[in-house]
Amino acid sequence: DGRLVRMEVAIDITERKVAQQFRDEYVGLISHDLLNPLNAVMLTAQVARRSLLKKGLAAEAHSLDAVFAGARRMNTLIADLLETARLEAGHLVLRKRSLDLGDWAVQTVHRIAEPAARDRLVVRVEDGPVHVLADPGRLDRVLENLLSNALKYSGDAPVTVAVRRQAEEGVVS
């Protein structure tokens with residue numbers, strides 16, 4: 001008969017939202033509860049390492065590098081879990097600021113690389129300063145993952161972190 005019929009469908013997503021909020025809170029609490037003792041392990045390993053080095057016990061001090069590296073890796077895994085939950089929930093906030101990628105790479109490599117691995121790492125900046133607008137914390141996480149894999153799979157070969165400009169973008173490889 002040519003008449004249009006209007007139809008509406010409504011779905012109550014209250015339960016889904018409540019479950020998502022519970023998951024977000026749970027992941028946050030678990031991450032916090034795991035990070036506190038892990039930070040204590042990392043701090044204790046650093047203090048013990050310095051103490052052993054002062055006493056001339058270099059071999060014993062270097063054995064703590066494995067403890068520190070394992071704790072740092074666990075810290076990264078927990079941070080990845082928390083970040084994934086934030087990303088899925090749409091709560092990931094980028095804190096962008098202007099930075100020179102070359103300076104950032106040098107500082108980050110020195111800060112995150114284990115002492116035993118620092119002599120294998122080289123930072124090469126091509127074509128002068130590379131200025132970008134980025135979240136340094138997120139970049140730190142990416143570089144830490146790249147370095148971890150590069151050091152693990154390169155044997156004893158040197159690892160180069162290269163920073164360059166490509167058109168209007170900064171590239172780290």
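This is a predicted model: local features need pLDDT of at least 70, side-chain atom pairs count only at pLDDT 80 or more; totals for chains, interfaces and linings use all residues.
Visitor: What confidence does the predictor assign to the protein as a whole?

Guide: The mean pLDDT is 85, and 99% of the residues reach 70 or more. Among the elements, H2 has the lowest mean, 82, and strand S1 (residues 97-100) the highest, 93.

Visitor: Why is arginine 141 called buried?

Guide: Its relative accessible area is 15%, and buried means under 20%; arginine 141 therefore counts as buried. This residue belongs to helix H4. Leaving aside neighbours within four places in sequence, arginine 141 is in contact with Thr76, Ala79, Asp80 and Glu83.

Visitor: Why does aspartate 127 count as exposed?

Guide: Its relative accessibility is 65%, and the term exposed requires a value over 50%, so aspartate 127 qualifies. The residue sits in the loop between strand S2 (121-125) and S3. Aspartate 127 also has a positive phi of about 60°, although it is not a glycine.

Visitor: Why are the buried residues of H3 said to line one face of the helix?

Guide: Viewed down the axis of H3, the buried residues fall within an arc of 155°, so they line one face. They are Leu101, Gly102, Trp104, Ala105, Thr108, Val109 and Ile112. Gln107 and His110, on the other side of H3, are exposed. As a general point, an α-helix has 3.6 residues a turn, so residues three or four places apart point the same way.

Visitor: What makes aspartate 100 a cap of H3?

Guide: A side-chain oxygen of aspartate 100 lies 2.8 Å from the backbone nitrogen of glycine 102, at the N-terminal end of the helix. The cut-off for a polar contact is 3.5 Å, so this pair falls within it.

Visitor: How does the span of H1 compare with the expected value?

Guide: Helix H1 (residues 14-54) has 41 residues and reaches 60 Å from its first C-alpha to its last, close to the 60 Å expected at 1.5 Å a residue. The buried residues of H1 are Val27, Ser31, Leu38, Met42, Ala45 and Arg49, and they pack against helix H2 (58-89). Just after H1, glycine 56 takes a positive phi of about 80°.

Visitor: Which residues touch the most other members of the largest nonpolar core?

Guide: Leu101, Leu121 and Leu147 do so, in a core of 18 residues. Helix H3 (101-112), strand S3 (131-134), helix H4 (136-153) and strand S4 (159-166) each supply at least two of its residues, and H3 gives the most, with five. Leucine 147 touches Val109, Ile112, Leu121, Val159 and Val161, not counting residues up to four places away in sequence. Apart from this core lies another, of six residues, among them Leu38, Met42, Ala71 and Ile78.

Conventions:
Residues are numbered from 1 along each chain as its sequence is written. Side-chain values use heavy atoms; hydrogens and water are left out. A nonpolar core is a set of buried Ala, Val, Leu, Ile, Met, Phe, Trp, Tyr and Cys residues joined through side-chain atoms within 4.5 Å. Buried means under 20% relative accessible area, exposed over 50%, partly exposed in between (1.4 Å probe, protein chains only). Helices (H or I, at least four residues) and strands (E, at least two) are DSSP runs, numbered from the N terminus. Contact means heavy atoms within 4.5 Å. The arc is that of the directions from the helix axis to the C-beta atoms. A polar contact is a pair of N or O atoms within 3.5 Å; within protein, one must be able to donate a hydrogen and the other to accept it, and residues adjacent in sequence count only if both atoms are side-chain atoms. The expected span of a helix is 1.5 Å times one less than its number of residues. pLDDT is the predictor's confidence in each residue, from 0 to 100.
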